[in-house]
Amino acid sequence: MCGIVGYTGPRQAYPIVLKGLKRLEYRGYDSSGVALLHNGKLNVYKKKGKVAELEEYVIGKDLDSGIGIGHTRWATHGEPSDRNAHPHTSSNGRFAMIHNGIIENYAQLKTELQKKGYQFTSDTDTEVLLNFVEDIQNNNNCTLEEALRIALKRVSGAYCILIIDSNDPETIIAARKGSPLVIGIGKGEHFLASDASPIIEYTKEVVYVNDYELAIVKPDELILKNLGNEKVTPYITKLDMELAAIEKGGYDHFMLKEIFEQPSTIYDCLRGRLDADAGTITMGGIDQHISQLINANRIMIIACGTSWHAGLVAEYIIEELCRIPVEVEYASEFRYRNPIVNKGDVIIAISQSGETADTLVALEKAKENGAFIFGVVNAVGSSISRISHAGAYTHAGPEIGVASTKAFTGQLAVLMLMALKMAFVKETISKERYKQLLIELQDVPEKVDAILKNSESIKTIAEAYKNATDFLFLGRGYNFPIALEGALKLKEISYIHAEGYPAAEMKHGPIALVDEKLPVVFIATKDSYHEKIVSNMQEIKARKGKIISIITEGDVISPTLSNHVFSIPPADEVIAPILSVVPLQLLSYYVGVSKGIDVDKPRNLAKSVTVE
Ligand code: F6R
């Protein structure tokens with residue numbers, strides 16, 4: 001949450017910072033701002049609303065500067081407004097700061113500062129932290145770097161901060177704990193950002209800053225230190241990402257582009273890992289730890305949101321194929337309760353961003369208790385991938401649309417590979433079924449492509465129901481988590497209230513909602529539950545609900561009960577969820593677009609949830 005960008009070097013900073021903010025807008029978009037330094041004067045411009053509004057606001061203003069920091073905000077402390085937008089300036093006007101994260105003890109620090117006469121112009125924790133730094137710097141007559149180091153020792157919470165000093169026209173001081181920071185190394189220039197997307201077009205050499213590290217960044221020098229003032233050698237990594245991956249490429253929205261990328265992202269995820277002809281699955285992270293995985297007393301899957309839904313699908317598959325007990329936990333619940341985690345437990349952490357604060361802290365807690373952590377992560381080099389003992393990347397590429405689509409199918413592909421490999425080694429699956437499932441998995445990209453070719457018919461369904469006020473999504477077995485995912489996608493992107501339910505559970509309550517106005521989406525592909533879900537359709541039809549069914553090609557019964565059907569290619573029930581979710585992604589997309597919603601940046605959301 002919140003995107004931060006910085007630049008120091010020979011070029012004009014403003015265009016670089018602004019472009020970077022546009023790339024990071026998916027992280028938060030309720031206000032934005034920049035701080036630039038010209039002839040010793042700090043020019044701070046900030047505006048409520050999207051980055052485009054800031055861009056308009058600064059027209060005609062002094063933007064001349066070779067150093068700059070910029071921020072796009074997802075509000076935590078204080079409503080979205082010009083006043084609460086970042087950057088914030090210190091009381092004496094000397095420093096400007098941007099911040100991603102939450103300073104938990106800000107209230108106590110604020111009271112201390114108020115007693116000393118400090119006044120605040122915003123409601124933010126950031127302004128408190130900055131004035132705390134200023135106060136330390138004044139009292140100790142020390143450098144900004146020193147003052148920041150002292151301040152951070154008293155701060156609890158999460159942060160990635162960048163500060164510039166009007167007395168130092170070249171240096172950005174940065175620090176991180178719990179919120180990401182990447183530094184791009186150019187020729188006589190440096191770029192700083194929350195992720196690599198603002199950096200990629202200038203350099204591929206980057207340093208991922210670690211927690212409790214401070215960076216002193218000048219055009220031709222990067223010094224990393226820990227909070228004990230000891231130098232740390234920067235570890236330079238080469239980015240494996242192309243600029244095209246973070247641009248819309250002719251699509252109206254990133255979300256649509258990402259939905260349509262799925263045949264190739266799933267293919268990329270399987271490539272080099274799955275060889276159906278040879279009957280092999282090769283994944284370094286799994287192969288090296290296979291005995292730990294198959295001998296787990298229990299597997300706990302920890303995730304949030306859409307990634308949690310991928311975890312639920314994995315629970316069904318791993319229990320069925322590997323006969324290992326699986327529990328799926330919301331990271332935010334796990335971290336605050338007193339869960340039983342023992343040595344011999346395996347934790348699978350699922351995360352697109354690899355930065356979700358709740359998941360990260362939950363993993364740290366499980367790790368302390370001796371659990372083995374396996375990360376299923378999309379963002380390469382992210383915090384969760386780094387704290388995991390082992391893992392597998394989903395290789396879906398950068399996901400910019402706030403609603404997760406291709407990352408979800410990438411997660412399912414990795415989890416299916418993982419379950420199959422474990423079942424094969426554990427010998428809990430027959431050779432024939434193993435081989436059949438490998439072939440089916442290999443065919444998934446082609447089948448997703450076939451579904452996407454039919455997207456127009458989903459558009460028609462979306463148009464018919466765009467004015468509905470509620471939706472119900474029902475599924476059974478492997479498709480139950482897909483019902484949850486379909487409902488979540490619709491809520492996020494169209495602001496229509498939607499609930500996902502196990503189809504059989506409906507009669508224990510939600511059926512009271514059914515009337516002739518309620519659209520009910522059945523995920524009713526041909527599987528071992530099919531007859532049962534057809535009975536559930538009858539129950540809805542008898543109550544005049546409007547039925548939209550996702551069915552398997554060739555099903556002749558479901559269409560007789562449905563107002564609308566969308567057919568997907570046949571697939572084994574274990575594989576079906578990776579296909580049946582695609583029409584639901586399209587449905588939410590088209591409903592959102594037809595309601596005029598900015599589907600890439602729906603209200604109140606942010607892509608990377610780095611606050612609790
Ligand atoms: C929904 C969505 C969120 C994320 C959740 C976890 O479309 O994107 O529910 O799935 O915030 O994020 P990651 O996977 O980055 O940990």
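**Close-up 1. The ligand sits in the second largest pocket.** A pocket is an open set of points on a 1 Å grid over the protein atoms alone, with protein on both sides within 12 Å along at least five of seven lines; a molecule sits in it if more than half of its atoms lie within 2 Å of its grid points. The model is predicted, with local features needing pLDDT of at least 70 and side-chain atom pairs pLDDT 80 or more, while totals for chains, interfaces and linings use all residues. Residues are numbered from 1 along each chain, and side-chain values use heavy atoms, without hydrogens and water. Helix H10 (305-322) and helix H18 (480-494) each give two or more residues to the shell around the ligand; helices are DSSP runs (H or I) of at least four residues, strands (E) of at least two, numbered from the N terminus.

Close-up 2. For serine 404, a backbone N or O atom lies 2.9 Å from a ligand oxygen. The protein covers 91% of the 410 Å² of accessible area that the ligand has on its own (Shrake-Rupley method, 1.4 Å probe).

Close-up 3. E6 (residues 95-103) runs antiparallel to E7, joined by 9 bridges (pairing needs at least two DSSP bridges). Isoleucine 98 stands opposite leucine 162. E7 also pairs antiparallel with E8 (residues 168-177) over 6 bridges, and 2 residues separate the two strands in a hairpin.

Key. Polar contact = N/O pair within 3.5 Å; in protein donor to acceptor, adjacent residues only side chain to side chain. 1 Å grid on protein atoms, 1.4 Å probe; cavity = no way out; pocket = protein on both sides within 12 Å on 5 of 7 lines; lining within 4 Å.
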